[in-house]
Amino acid sequence: MKKLAILTFLALSILSCKETSKEDNQAILSESNGKINNVSIIIDDNLWNGEIGDSIRKKFAAPVDGLPQEEPLFTLNQYPTKVFEGFVRKSRNIIIVKKGKDAGYASTTQKYAKPQNVFFISGTDNEDILSILEDKSNEIIKTIKASEIIENQVRMKKSLVSDAQVQKMFGISLKIGFGYKYDMVRDKFIWLRKEFNSGYNSILIYEVPIESVEKDNNIIANITAMRDEIGKANIHGTLPNTWMITEAAYAPYLFEVNVANKKTYLTKGTWELKNDFMAGPFVNYAIKDTKNNRYLILEGFTYNPSKSKRDLVFELEAIIQSVKFLK
């Protein structure tokens, strides 16, 4: 691929597309728009309907890990460059793809609205653009996902549920969104639930000894066993002899991440109700809290049969990632 000419590309892109006028630059940025996990793709139809569009869809609409049905990572909305104005320009996440005299990649924030991510990809031919997409897509995805978590948290802050019981029992704070209620409060165990017409979202908070997660270095097996034990003790169905377990047919996904500046094991998979037919996705964050000699477990799970679950799980992750340790 030709040498990336980032500065040249930016200058040419600004001039050719007439992205902003002097008046626009002096004006106060308006609020961006868009649903959570939506991305506007500014690309002409001839590119979108060919191999470049295929590559964009493959990377940015790939199936989300851990969901029982296939759902895209982001909802992609494509617009030709000639209609890149008005509400489209105020989208919260924008990827601009075009052919030009130079090959280049650049990104910026708060260009046309706030908050906003804008990514520019340009190439002299398809090979240039495909190469940049291959090289930069993971970086773009990571940036968008992180900013969407923040956007979700900002929306929740408008009407928070008290986390006083969480603070008292576990020494942490949590930004709990509107609609969640304390469904169960026991010794070192809290179950928060938000019900809606087609199902519910749940958050579990508990703690376990460090050895429970790390013994024999079999992290995924230990977390699965821990989940099943907690489910049998606390999460029961309406029918007799039913409780939540990790679905055995599909191995959960395990990632090592960082939450609240602490080493964390993130497990994504599917739960089911033993001896019943209820099931759905879960996300389990096991946060190593060495100071208090424990793993703090923050888990979210969703029940929304035959309907989309991606954004419901994303809401749970936004709540969980708001955690702060107070002691």
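What volume does the largest pocket have? In this predicted model, the volume of the largest pocket is about 820 Å³. Searches of the whole structure also find 10 aromatic pairs and 15 salt bridges. The points below cover the pocket, the aromatic contacts and the charged contacts in turn.

**Largest pocket**

- The lining of the largest pocket consists of 32 residues, and those nearest its centre are Lys 145, Leu 266, Lys 268, Glu 317 and Gln 321.
- Two or more lining residues come from each of helix 5 (126-156), strand 13 (253-259), strand 14 (262-273), strand 15 (279-289) and helix 9 (310-320).
- Helix 5 supplies the largest share of this lining, with seven residues.
- Sorted by class, the lining has 20 nonpolar, seven charged and five polar residues.

**Aromatic pairs and cluster**

- A pair of aromatic rings is described by the distance of the centres and the angle of the planes.
- Among the 10 aromatic pairs is that of Tyr 200 and Tyr 303, which is tilted because the planes stand at 40 degrees, with the ring centres 5.6 Å apart.
- Tyr 200 belongs to strand 11 (residues 199-208) and Tyr 303 to strand 16 (residues 294-303), so their pairing ties together parts 103 residues apart in sequence.
- Tyr 200 and Tyr 303 are both buried.
- Trp 271 and Phe 301 make an edge-to-face pair, with 5.6 Å between the centres and 70 degrees between the planes.
- Since Trp 271 is in strand 14 and Phe 301 in strand 16, this pair ties together parts that are 30 residues apart in sequence.
- Trp 271 counts as buried at 1% relative accessibility, and Phe 301 counts as buried at 0%.
- One aromatic cluster is formed by Trp 191, Tyr 200, Trp 271, Phe 301 and Tyr 303.

**Charges over rings**

- Tyr 200 has Arg 193 over its face, 4.9 Å from the ring centre.
- Over the ring of Phe 282 sits the charged end of Arg 227, at 3.8 Å from the ring centre.

**Salt bridges**

- Side chains of opposite charge can pair when their charged atoms come close.
- One of the 15 salt bridges joins Glu 148 to Arg 92, with the closest N and O atoms 2.7 Å apart.
- Glu 148 is part of helix 5, whereas Arg 92 is in the loop between strand 3 (75-79) and strand 4 (93-99), so this bridge ties together parts 56 residues apart in sequence.
- Both Glu 148 and Arg 92 are buried.
- Lys 288 and Glu 214 meet through their side chains in a salt bridge with an N to O distance of 2.9 Å.
- With Lys 288 in strand 15 and Glu 214 in helix 7 (residues 210-214), the pair ties together parts that are 74 residues apart in sequence.
- Lys 288 counts as partly exposed at 22% relative accessibility, and Glu 214 also counts as partly exposed at 22%.
- Arg 57 and Asp 54 form a salt bridge between their side chains at 2.6 Å, N to O.
- Arg 57 and Asp 54 are separated by about one helical turn because they are three residues apart in helix 4 (residues 51-60).
- Arg 57 is partly exposed, at 28% relative accessible area, and Asp 54 counts as partly exposed at 44% relative accessibility.
- A network of salt bridges links Glu 207, Lys 262, Asp 289 and Arg 294.

Notes. Residues are numbered from 1 along each chain as its sequence is written. This is a predicted model: local features need pLDDT of at least 70, side-chain atom pairs count only at pLDDT 80 or more; totals for chains, interfaces and linings use all residues. Side-chain values use heavy atoms; hydrogens and water are left out. On a 1 Å grid over the protein atoms alone, a cavity is a set of points where a 1.4 Å probe fits but cannot get out, and a pocket is an open set with protein on both sides within 12 Å along at least five of seven lines; lining residues have an atom within 4 Å of a point. Grid points are joined across faces, edges and corners, and a volume is the space filled by probe spheres set on the points. Helices (H or I, at least four residues) and strands (E, at least two) are DSSP runs, numbered from the N terminus. Ala, Val, Leu, Ile, Met, Phe, Trp, Tyr, Cys and Pro count as nonpolar, Asp, Glu, Lys and Arg as charged, and the others, Gly among them, as polar. Rings of Phe, Tyr and Trp (its six-membered ring) pair if their centres lie within 6.5 Å; planes under 30 degrees apart count as stacked, over 60 as edge-to-face and the rest as tilted. Buried means under 20% relative accessible area, exposed over 50%, partly exposed in between (1.4 Å probe, protein chains only). A charge sits over a ring if NZ of Lys or CZ of Arg is within 6 Å of the ring centre and within 35 degrees of the ring normal. A salt bridge is a side-chain nitrogen of Lys or Arg within 4 Å of a carboxyl oxygen of Asp or Glu.
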